[in-house]
Number of protein chains: 2
Amino acid sequence: VSVLTVNLADNSYDILIGCGVMSSIGSHCVALGLSSRVAVITNPTVNALYGEVVRNSLAGAGYTVSVIEIPDGEVYKNAETLANVYDALIEAGLDRKSFIVALGGGVVGDLAGFAAATYLRGIPFVQVPTTLLAQVDSSVGGKTAIDHPRGKNLIGAFYQPRFVLIDVDSLATLPEREYRAGMAEVIKYGVAIDLIFFEYLEQHVDAIMAMDRECLETLIRRCCQLKAQVVELDEKESGLRAVLNYGHTLGHAFEMLAGYSELVHGEAVAIGMVLAARISVARGHCDAADIKRVSALICRFGLTTQAPIVDRQRLLSAILTDKKSADGAISFICNSGIGNFAIELLLPEELLTLSGLEVCS
Amino acid sequence: VSVLTVNLADNSYDILIGCGVMSSIGSHCVALGLSSRVAVITNPTVNALYGEVVRNSLAGAGYTVSVIEIPDGEVYKNAETLANVYDALIEAGLDRKSFIVALGGGVVGDLAGFAAATYLRGIPFVQVPTTLLAQVDSSVGGKTAIDHPRGKNLIGAFYQPRFVLIDVDSLATLPEREYRAGMAEVIKYGVAIDLIFFEYLEQHVDAIMAMDRECLETLIRRCCQLKAQVVELDEKESGLRAVLNYGHTLGHAFEMLAGYSELVHGEAVAIGMVLAARISVARGHCDAADIKRVSALICRFGLTTQAPIVDRQRLLSAILTDKKSADGAISFICNSGIGNFAIELLLPEELLTLSGLEVCS
């Protein structure tokens, strides 16, 4: 198992990465001094696959374990599900010394993390991400949230986990669509921060698609390292951390207009990255060859780079609902060449024009 | 205007106390660099009294101001009201650079603070407490929350305001019942932390009941100082801060069983303090004369010291839902003499027995 530390003063924590590490969760919790009662928040699919091993490990370490299932899918990352989770936490008798384990993908991690952040004004929680997306992105950095009918992640908190346990083997059971979508976030790190990593991805497409365990562990570790570096410099996204939103401003808007189900998050981010690359060219931060190279890598992982055609007004209003907007302008993340970024303050209309996006009205 | 600073590293802030200071809110916000758009969250009663002066001051300082009214009363400090507030914040176009002003009593402050803590993962907020209870207690220290059908403040966050603006003159419009109830929290500081302050209260009952402005300003400043000292040592209530819950464990339980309306918070705390004093005697932390002195002061402010008779099982379960419980035992705050405290780990049944409380079954 490899260990990365996210250094955030009082909120520091370790990310543990390895193959078959899920069964060791109980002893890690004990080592950190977590006590007595735990609720594992998960969904039916993941519970069927990994619920038993996690429950047994926790129970074997002496914990009283409850399991709380939430429905599978981004559409359920909402206030109603959260209310049900609160009820279940009270029902299970969790008190201030208890803790939560988030076992699943981004939806489970975001919602369980927000529940942990707000139940009794905050109890400890542990992230056990089982999707590629969650392993390389959402489980690290302390962003927790639920969606609102008017936009993704509008209600949430910055709240760091006590540790993150990443079992690379859990990717073996991930549906192929989810796996490919997760690669969009992986590619993001390459395009916006790390040229060497981008080239590594270009050279390892076959191994990654074949789910080579060693290659996956390397890839996940690098993403977590990059994310940890950014989060350490800017825990609450007052500046630098915005780089992690590369591809997300337009991606989120499309994801929202598609109703959170037509396009899964990573698929929307893939489209958002290609549009971001086009805007970057238009603003002089990179050249057309860079767009091609980014698009090509995205396509090799079986992701589309083609934006759906949506209504202009709805798109503009979806962009404005995004948390990154301030006073009507968007802090938009451009790629500067490949492996670097630049921030431009742009109006939503400018984003549409610069991206050359086809819209209807 | 007198200024107290709450020293919490990155989360430090000032408490400004004075007579007629509400009209200066706009310039204080500008001085702190708060920008552009603000939502004033208040209730109809307070809005009618102070909404205009606050709106005008903010607008005069260049802010775009929206006002969000929530219904008056603890029964509305719930998830439904919170959802309405989120909708209104989105509707008003508040983005990450915007901020919230909580104008009102504890309900407004707790709910608006929690909305600020969780809207877009946290935007700045300002507390303008208009009740005695909020001025001496709930507006300082960053505890924000909503209630759950199963207990008070079960959902919440620690989230510090950017500043607290206390206008002593706003107490002139407070209903007498609220004013008296607020005195319970004032007395709490004396009993649990500060004998000299307790004696000051004993000596100034008439001036306080006559709402002498100078006396009130002194009293509020002292309570805020004491609270700030405790919060600085223990921002997130891992230990010492529990002293501020003196009288609250049983108080909360009675408040909850009475349905949050029969007994207002301070009235319930007054009852809880007398019971806490009895438990303190039973555990050898003070003597019977201390109970009498505490009860006498409470009575002089027109508050009852008589607990309502409730069902034993319901009371036990209400006590256990309290956030202070951990693994079934309660960290109970006793007064040690008057002006000091001691913590005892007690089971709910022991609390009932030691307090000599009359219950039905």
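Helices, taken as H or I runs of at least four residues, and strands, taken as E runs of at least two, are DSSP runs numbered from the N terminus. The model treated in these exercises is predicted.

**Exercise 1.** Determine how A:Phe197 and A:Tyr200 are placed relative to each other in helix 7 of chain A, and classify their ring pair.

*Solution.* Helix 7 of chain A spans residues 195–203. A:Phe197 and A:Tyr200 are three residues apart in this helix, so about one helical turn separates them. Their ring centres lie 6.3 Å apart, with 10 degrees between the planes. Planes under 30 degrees apart count as stacked, and the pair is accordingly stacked. A:Phe197 has 4% relative accessibility and therefore counts as buried.

**Exercise 2.** Classify the ring pair of B:Phe125 and B:Tyr159, and state which parts of chain B the pair ties together.

*Solution.* The ring centres are 6.0 Å apart and the planes stand at 15 degrees, so this pair is stacked. B:Phe125 belongs to strand 6 (residues 125–129) of chain B, whereas B:Tyr159 lies in the loop between strand 8 (151–158) and strand 9 (163–167) of chain B. The pair therefore ties together parts that are 34 residues apart in sequence. B:Phe125, at 1% relative accessibility, counts as buried; B:Tyr159, at 22%, counts as partly exposed.

**Exercise 3.** Identify the edge strands of the open sheet in chain A.

*Solution.* The seven strands follow the order 1-2-9-6-5-3-4, with mixed pairing. Strand 1 (2–6) and strand 4 (64–69) of chain A each have a single partner strand, so they stand at the edges. Strand 4 of chain A runs parallel to strand 3 (residues 37–42) of chain A, joined by six bridges.

Technical notes: Residues numbered from 1 in each chain as written. Chains lettered and ligands numbered in written order. Predicted model: local features only at pLDDT ≥ 70, side-chain atom pairs only at ≥ 80, totals over all residues. Heavy atoms only, no water. Pairing = 2+ DSSP bridges. Phe/Tyr/Trp six-rings, centres within 6.5 Å; stacked < 30°, edge-to-face > 60°. Buried < 20%, exposed > 50% of the residue type's maximum accessible area, 1.4 Å probe, protein only.
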